[in-house]
Amino acid sequence: MQARGLLMIEHGLIERMLTIIRGALAPLEEPHKIDPLFVDKAVDFIQTYADRTHHGKEEDILFRDLNNKRLSEADRRVMNELIEEHAFGRSMTKALVEANTRYRNGDSSALGDVARCLRTLVDFYPRHIEKEDKTFFPAARAYFSEAEDQAMLAEFREFDRKMIHDKYMSIVDELEK
Ligand SMILES: [Fe+2]
Ligand SMILES: [Fe+2]
C-alpha cells in the first residue's frame, strides 16, 4: 500500500461519521432538540480521530516531508489551504463544544449554534477530503521515491500505534489533577 492509501481509508471512516451527523441534523431544519451525548461522541470522533490521528499524520509527517521538497507554487498553495482548513475545523469544533455545554446547561438558544456548527462541519469537510484525494495526494506522491513513500507509511503506522496510549494517558493525567 502507498502511504496515501492509509489516509484515504481514514477519509472513508470520516465520511461515514459525517453521514451519521447529517442524519442527526435532518430533523433539525427547525431545531427542537439534539442529544448532547450524541454531540459528545461526534466531538470525540472529530477531535481524536479526524484531527489528532488523521490531521496529525498529514501535518506532522506528510506535510513535514513535503516541506523538505521543492514544491511547485500551486502545490504549496494547496498545502497551505489544507492547513488552514484543518485550523478552521478545529475552531468550529471548539465552538461546537462551547455551544453543546450551554445547551446541556439548559440554554435552549444554544441549540441553533450546535446545529450550525455541525452543519458547517458536514458541509465543508467532504470538499477538504475531495481536494486531498483527487488533487493534493496524487500531486504530493510525485515528490517522493518509492522508498520515501514506504518510510512515510511506516511512520504513519508508528504514529497510530502511539495514539491510543497518548489518548488514555492524557485522560488519566487529567483525572489525577
Ligand atoms: Fe486534511
Ligand atoms: Fe485528510
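1. Tyr-49 is partly exposed because its relative accessibility is 22%. Phe-45 counts as buried, at 16% relative accessibility. Buried means under 20% relative accessible area, exposed means over 50%, and partly exposed lies in between (1.4 Å probe, protein chains only).

2. This is a predicted model: local features need pLDDT of at least 70, side-chain atom pairs count only at pLDDT 80 or more, and totals for chains, interfaces and linings use all residues. Residues are numbered from 1 along each chain as its sequence is written, chains are lettered from A and ligands numbered from 1 in the order in which they are written, and side-chain values use heavy atoms, with hydrogens and water left out.

3. Phe-45 and Tyr-49 share helix 2. They are four residues apart there, about one turn of the helix. Helices (H or I, at least four residues) and strands (E, at least two) are DSSP runs, numbered from the N terminus.

4. Next, the ring pairs. Rings of Phe, Tyr and Trp (its six-membered ring) pair if their centres lie within 6.5 Å; planes under 30 degrees apart count as stacked, over 60 as edge-to-face and the rest as tilted. The count by this rule is four aromatic pairs. Phe-45 and Tyr-49 have ring centres 5.1 Å apart and planes at 35°, so this pair is tilted.

5. Phe-124 and Tyr-125 make an edge-to-face pair, with 5.7 Å centre to centre and 85° between the planes. Both Phe-124 and Tyr-125 are buried. Ring pairs also join Phe-88 with Phe-124 and Tyr-125 in a cluster.

6. Now the metal site. Four residues coordinate the iron ion (ligand 1): Glu-58 (OE), His-86 (NE2), His-128 (NE2) and Glu-132 (OE), at 2.1 to 2.2 Å. Donors are N, O and S atoms within 2.8 Å of the metal (3.2 Å for Na, K and Ca); water is not among the atoms, so sites may look incomplete. The donor residues follow the spacing E-x27-H-x41-H-x3-E in sequence.

7. Glu-58 coordinates both the iron ion (ligand 1) and the iron ion (ligand 2), which are 3.2 Å apart. Distant parts of the chain are linked here: Glu-58 lies in helix 2 (residues 36–67) and Glu-132 in helix 4 (residues 110–141), 74 residues apart. Glu-58 is buried, with a relative accessible area of 0%. Glu-132 also counts as buried, at 0% relative accessibility.
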